[in-house]
Amino acid sequence: MSREHKEISQEDLSAVLELVQKRYGFDFTQYARSSMKRRMQRIMENFGLPSVFELKHKLLNDELFFEVFVEEITVNVTEMFRDPFFYKELREKVIPQLESYPSVKIWHAGCSSGEEVYSLAIMLHECGLLERSRIYATDINSQVLNRARAGIFDLRHMKDYTLNYIAAGGTGNFSDYYTAKYDQAIFKKELKEPMIFSIHNLVADKSFNEFNLILCRNVLIYFNEHLQNQVISLFSESLCPFGYLALGSKESLLFYHDRDRYETISRMSKLFKLVR
Ligand SMILES: C[S@@+](CC[C@H](N)C(=O)[O-])C[C@H]1O[C@@H](n2cnc3c(N)ncnc32)[C@H](O)[C@@H]1O
C-alpha cells in the first residue's frame, strides 16, 4: 500500500458498499471484508483517488468507472483445466454417472471469461456427451461474459493449458480444439453450440432451472459465511435429485446449514452429490 493512502476503515467500506447498492443495485455487503478492502485500496491507488470521499464521488458520477470497480471487486482470474486433478476426478467419478441420462444440464455459476466452460465442453466431447448437453454459464459481470461468448483466448497461454489438459486426462490433441491466428487461440464453434451465456447474480437472482451438475469454483471464497450458506441453498434448489456440485479447492460445504443432504464424492476435488 502506498504511504499517501490511509487504510480503509470498516465504516468507509460499509459506506462505499451502501452507495454502490443504492446507485447500481449491486449488493456486495456480504463479500469477505479483508479482500474487499485490499481491492478497494488498489482501485484508489490506480486511479489516483486520495480518499474514500473521492472514490464515492467517482462511483456516483462515472458509470464506466463502476464497471472497472466491479471487475476489480469480483476477481476474474481463471484458466483452462484449472486444477487438472479436479477434471480428472470429474471425468472418472461424475461423467460416467451422467451418461445414463438422455440429456444433461450443467450450470457454471461464476464462469468468468469462460475458460472452464470450454474445458468442460472439451471433456464432454471426448466422453461422447457434448451433443446431449446444455451448458448454462453465468456471471455477474457482463464484460467477462462477452469474452466467454467469443471463445478467443490468448495464444501464449496454450502451452500451459496443454499441460493442464494432459494432466486432466485429455485423450485427444489439445491443439485440435482451436485455430491459432496471430496471438489468439480461436476455439472451435462446435464446442460453443451447447453453451448459453447469461448474466446471473448469485446474491440476488433466483434458481432458473434444474441441473445434473453445478460448478461454482473459486467464487464462494469471496463471500462471507452467511452468503455462502445462501448460495449453496440456491444450488440445492437448482440440482436434480442425485445431482452433483463442484466447488473450488479452498471451498467447502462447511457453512451450509443442511450439509447432510450431500455425500462427498471427492474431498480433495470438492465434489459433492445431493442425496437427500
Ligand atoms: C475467480 S473467478 C472464478 C472463475 C472460474 N469459476 C474458475 O474457477 O476459474 C470468480 C468469478 O465469480 C464472479 N462473481 C463474483 N460475484 C458473483 C455473483 N454475486 N454472482 C455471480 N458471479 C459472481 C466474478 O465476476 C468472477 O468472474
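**View 1. Helix H5 spans residues 84–98.**
Its 15 residues reach 20 Å from first to last C-alpha, close to the 21 Å expected at 1.5 Å a residue. That expectation is 1.5 Å times one less than the number of residues. Helices (H or I, at least four residues) and strands (E, at least two) are DSSP runs, numbered from the N terminus. This is a predicted model: local features need pLDDT of at least 70, side-chain atom pairs count only at pLDDT 80 or more, and totals for chains, interfaces and linings use all residues. Residues are numbered from 1 along each chain as its sequence is written, and side-chain values use heavy atoms, with hydrogens and water left out.

H5 bends by about 40 degrees at Arg 91. The bend is the angle between axes fitted to the seven residues ending there and the seven starting there. Arg 91 is also one of the buried residues of H5, which include Phe 86, Tyr 87, Glu 89 and Leu 90. Buried means under 20% relative accessible area, exposed over 50%, partly exposed in between (1.4 Å probe, protein chains only).

**View 2**
Asp 83 is partly exposed, at 29% relative accessible area.

**View 3. Seven strands form an open sheet with mixed pairing.**
The order is E6-E2-E1-E7-E8-E10-E9. Strands E6 (195–199) and E9 (262–266) stand at the edges with a single partner strand each, so one side of each lacks a neighbour in the sheet. The twist averages 20 degrees from one strand to the next. Two strands pair if DSSP finds at least two bridges between them.

**View 4. Strand E2 (residues 133–139) runs parallel to E6.**
Five bridges join the two strands. Asp 139 stands opposite Ile 199 in E6.

Axes are lines fitted to C-alpha atoms, for helices over the stretch in contact (heavy atoms within 4.5 Å). Angles run from 0 to 180 degrees between N-to-C directions.

**View 5. The whole chain holds 10 helices and 10 strands.**
The C-alpha trace spans about 55 × 50 × 30 Å along its principal axes. Buried residues make up 50% of the 276 residues.
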